[in-house]
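Please have the sequence and the structure open while reading.

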Amino acid sequence: MSDEKKFFESMESDILNANIPEEEKSKLMKNLLNLKKQKINLMITGATGVGKSSTINALFNTEKAKVGVGTDPETMEITRYELDNLVLWDSPGLGDGKEADNRHAKNIINKLYEKDEHGNLLIDLVLVILDGSTRDLGTSYELINEVIIPNLGENKEGRILIAINQADAAMKGRYWDSDNNRPEPPLQKFLDEKAESVKRRIKEATGLEVSPIYYSAGFKFEDMPQTPPYNLAKLLYYIIEHTPKEKRLVYAENMNTDRRMWKDNDDYKNYRKSILAQFGEVVSDIGSAIYNAGKTVVDTVCDWGRSAWNTVTSIFSW
């Protein structure tokens, strides 16, 4: 049983056994039910071959994922990974031919318009992955500018993240420092210019200002060791930053627990420390909210908060 499920069961027991009026119990149980149903729905898409699967595997503990597909014809080709309350929607990208592209675009649009049981848009955040190893990003721009952004609804800038994968291959492997797993100055300059070019072209086409980041997910081939990722902590930081604050702790239970995946490669910012700060802020807010709702469940929340905090600190505090 996950720590999250234990947390909810303990809270429910505490509320039902508390010496408080039934009206207060009913209110607390309703709030608990709403909290228990909280989910993150993250769509990951991009042109064919950009490394969506390797990115998902690098970021999250996908070994415990339940895999399924949509039941209706419009979404049957979108793979759903369920990791407790984190739901990943792995959408086929464009680049498989005109007929397939039209079908994939329709599936993505339908999913972006889908609503949850409360009438809110189902997808919290769309992560669009671009291929850093090629100059031809026409298919990616078509996906971003004509399929995703026009169908994001309100708060477009807060719901889309552009990430350029395969940074190590951006100049056909040149100027990549393999010993330190980072770009040398000429490649760093090239990647900065590429990110700025993507930002500018999206702005010109849609009016939306999005700041792309670049990274490398690494890869694992059969029984070979996982090649180390680059800037993965930065990617996770941006995903968390764009996620509604009340939902961010869901990531803590589902991150890749291999500490080697989270080495900071960026000279300018310690993203592991920033991730810890984001989680710590949410734990503090949850504790305060539950304390104000009823003292009987404070101890349970504190225990769960410490458990979540211990999980992330064991990965990032080194």
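This is a predicted model: local features need pLDDT of at least 70, side-chain atom pairs count only at pLDDT 80 or more; totals for chains, interfaces and linings use all residues.

Which residues in α7 are buried? They are L232, A233, K234, L235, L236, Y237, I239 and I240.

**Chain overview**

- The protein chain contains nine helices and nine strands.
- Its length is 318 residues, and 48% of them count as buried.
- Among contacts in the chain with a separation of 6 or more, 69% are between residues 24 or more positions apart.

- Helix α7 spans residues 232-242, and eight of its eleven residues are buried, so the helix is largely enclosed by the rest of the structure.
- Nonpolar side chains tend to be buried together in soluble globular proteins.
- The largest nonpolar core here has 40 residues, and L127, L235, I239 and W262 are those with the most contacts inside it.
- At least two residues of this core come from each of these helices: α3 (52-59), α7 and α8 (271-293).
- The strands β1 (40-46), β3 (79-83), β4 (86-90), β5 (125-131) and β6 (160-165) likewise each supply at least two residues.
- The element that gives the most to this core is α7, with seven residues.
- Not counting residues up to four places away in sequence, I239 touches L42, L59, L125, L127, L161 and Y251.

**Helix α5 against helix α6**

- Helix α5 covers residues 138-148 and helix α6 covers residues 185-206; their axes come within 10 Å and cross at roughly 40°.
- That angle makes α5 oblique to α6.
- The crossing of α5 past α6 is right-handed.
- On the α5 side the contact is made by Y141, I144 and N145, and on the α6 side by S197, V198, R201, I202, A205 and T206.
- By class, the residues in this contact of α5 with α6 are five nonpolar, three polar and one charged.

**Helix α4 against helix α5**

- The axis of helix α4 (residues 98-113) comes within 11 Å of the α5 axis, and the two cross at roughly 45°.
- At this angle α4 is oblique to α5.
- The crossing of α4 past α5 is right-handed.
- Residues A105, I108, I109 and L112 of α4 make the contact with L143, V147 and I148 of α5.
- The contact of α4 with α5 has seven nonpolar residues, no polar residues and no charged residues.

**S140 in helix α5**

- S140 lies in helix α5.
- Is S140 buried or exposed? Its relative accessibility is 5%, so S140 counts as buried, the cut-off for buried being under 20%.
- Leaving aside neighbours within four places in sequence, S140 is in contact with A47 and L130.
- S140 and L130 are ten residues apart along the chain, and their C-alpha atoms are separated by 6.6 Å.

Conventions
Residues are numbered from 1 along each chain as its sequence is written. Side-chain values use heavy atoms; hydrogens and water are left out. Buried means under 20% relative accessible area, exposed over 50%, partly exposed in between (1.4 Å probe, protein chains only). Helices (H or I, at least four residues) and strands (E, at least two) are DSSP runs, numbered from the N terminus. Axes are lines fitted to C-alpha atoms, for helices over the stretch in contact, and angles run from 0 to 180 degrees between N-to-C directions. Angles under 35 degrees count as roughly parallel, over 145 as roughly antiparallel, 65 to 115 as roughly perpendicular and the rest as oblique. A crossing is left-handed if the near helix is turned anticlockwise from the far one by less than a right angle, and right-handed if clockwise. Contact means heavy atoms within 4.5 Å. Ala, Val, Leu, Ile, Met, Phe, Trp, Tyr, Cys and Pro count as nonpolar, Asp, Glu, Lys and Arg as charged, and the others, Gly among them, as polar. A nonpolar core is a set of buried Ala, Val, Leu, Ile, Met, Phe, Trp, Tyr and Cys residues joined through side-chain atoms within 4.5 Å.
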